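This report covers a pocket, the nonpolar cores and the aromatic pairs of one model.

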Amino acid sequence: MQYEKGAVKCMNKRKTAILLAAGSGKRMNSAVAKQFMLLDGKPLICHALQTIEASEVIDDCVVVTGGSDVDYVKTEIVEKYAFHKVKAVIAGGSERWESVALAVRAIAGGALEIPNTDGFLFIHDGARPFLTCEILEDTLRDVQKYHACVAAVPSKDTVKLSDGEAFAASTPDRRRVWLIQTPQVFDTGLVTKAYEKLMQEAGQSGKTSITVTDDASVVERYTDCRVKLTMASYTNMKITTPEDLPIAELLLRNGNHA
């Protein structure tokens with residue numbers, strides 16, 4: 001990959017992926033957690049892990065999964081498919097933000113063989129199988145320059161804001177609307193401090209008071225760092241509902257996954 005002038009000092013910093021795989025099969029109407037549903041004959045999370053394994057950007061990886069699935073992920077995913085960059089598999093929380101917070105705290109607490117205290121964290125949803133090495137390279141470029149960035153694409157559709165009762169309240173300028181994806185990438189110290197503040201707030205006011213839905217929101221809420229939108233790919237889709245799986249299978253057959 002090509003590094004821009006001035007980014008050389010960042011090349012030796014640790015770059016750790018956090019892969020989130022602690023979801024359920026509720027919206028998939030499945031008894032099997034969606035991250036373990038088969039896509040092209042392999043558990044869904046294997047596809048993102050393959051890219052992480054092949055990438056020259058990522059040094060190591062922490063997988064976050066359900067508490068009862070930790071041993072399964074270790075044996076049937078990490079060992080079976082030889083994902084050598086996965087250095088830890090930990091139990092997540094009941095909400096996405098809690099799973100990320102636990103992973104960030106584990107990294108800060110020494111969960112990795114080589115510490116990452118002054119590098120970068122790449123937080124990715126395991127239900128996004130079409131992660132590419134190019135997206136990792138592009139987000140690395142931007143996090144080196146801006147300290148915080150997220151994979152995203154401009155909206156192709158007009159977006160309406162609701163009044164809460166399913167009536168249109170306003171229409172934002174489509175030219176300024178982006179659809180946010182993962183990975184979301186940050187300086188390790190920056191996102192660690194932000195999540196520690198979030199955990200403190202959750203401890204004081206209760207988990208139900210926390211409404212953030214992505215990592216950028218946490219950084220925006222607790223720091224003054226602006227988050228760069230990094231152009232990604234429209235094929236970097238998230239498997240959320242049953243109709244997503246056949247679309248993903250079609251993308252795979254058409255060679256849309258690196």
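## Pocket, cores and aromatic pairs

In this predicted model, the second largest pocket is lined by Val150, Arg176, Trp178, Ile180, Asp214, Ala216, Glu220, Val227 and Leu229. Its volume is about 210 Å³. By class, the lining residues divide into 6 nonpolar, no polar and 3 charged. At least two of the lining residues come from each of β10 (178-187) and α6.

The largest nonpolar core has 33 residues, and Ile18, Trp97, Tyr195, Leu198 and Val219 touch the most other members. At least two residues of this core are supplied by each of β1 (15-21), β4 (60-65), β5 (86-91), α3 (96-108), β6 (120-125), β7 (148-154), α5 (188-205) and α6 (215-222). The largest share, 7 residues, is that of α5. Beyond its neighbours within four places in sequence, Val219 is in contact with Phe186, Leu190, Val191, Ala194, Cys225 and Val227. Another core, of 32 residues, lies apart from the largest one and includes Ala33, Val89, Leu140 and Val185.

The count of aromatic pairs comes to 2. They are listed below.

| Pair | Geometry | Centre to centre | Angle between planes |
|---|---|---|---|
| Phe36 and Tyr72 | edge-to-face | 5.1 Å | 75 degrees |
| Tyr81 and Phe83 | stacked | 6.2 Å | 25 degrees |

Phe36 lies in the loop between β1 and β2 (38-39) and Tyr72 in helix α2 (residues 70-79), so their pair ties together parts 36 residues apart in sequence. Phe36 is buried, at 10% relative accessible area, whereas Tyr72 is partly exposed at 35%. In the other pair, Tyr81 is partly exposed at 27% and Phe83 is buried at 5%.

How values were computed: Residues numbered from 1 in each chain as written. Predicted model: local features only at pLDDT ≥ 70, side-chain atom pairs only at ≥ 80, totals over all residues. Heavy atoms only, no water. Core = buried A, V, L, I, M, F, W, Y, C linked by side-chain atoms within 4.5 Å. Buried < 20%, exposed > 50% of the residue type's maximum accessible area, 1.4 Å probe, protein only. Helix = DSSP H or I, 4+ residues; strand = E, 2+ residues; numbered from the N terminus. Contact = heavy atoms within 4.5 Å. 1 Å grid on protein atoms, 1.4 Å probe; cavity = no way out; pocket = protein on both sides within 12 Å on 5 of 7 lines; lining within 4 Å. Points joined across faces, edges and corners; volume = space filled by probe spheres on them. Nonpolar A, V, L, I, M, F, W, Y, C, P; charged D, E, K, R; others polar. Phe/Tyr/Trp six-rings, centres within 6.5 Å; stacked < 30°, edge-to-face > 60°.
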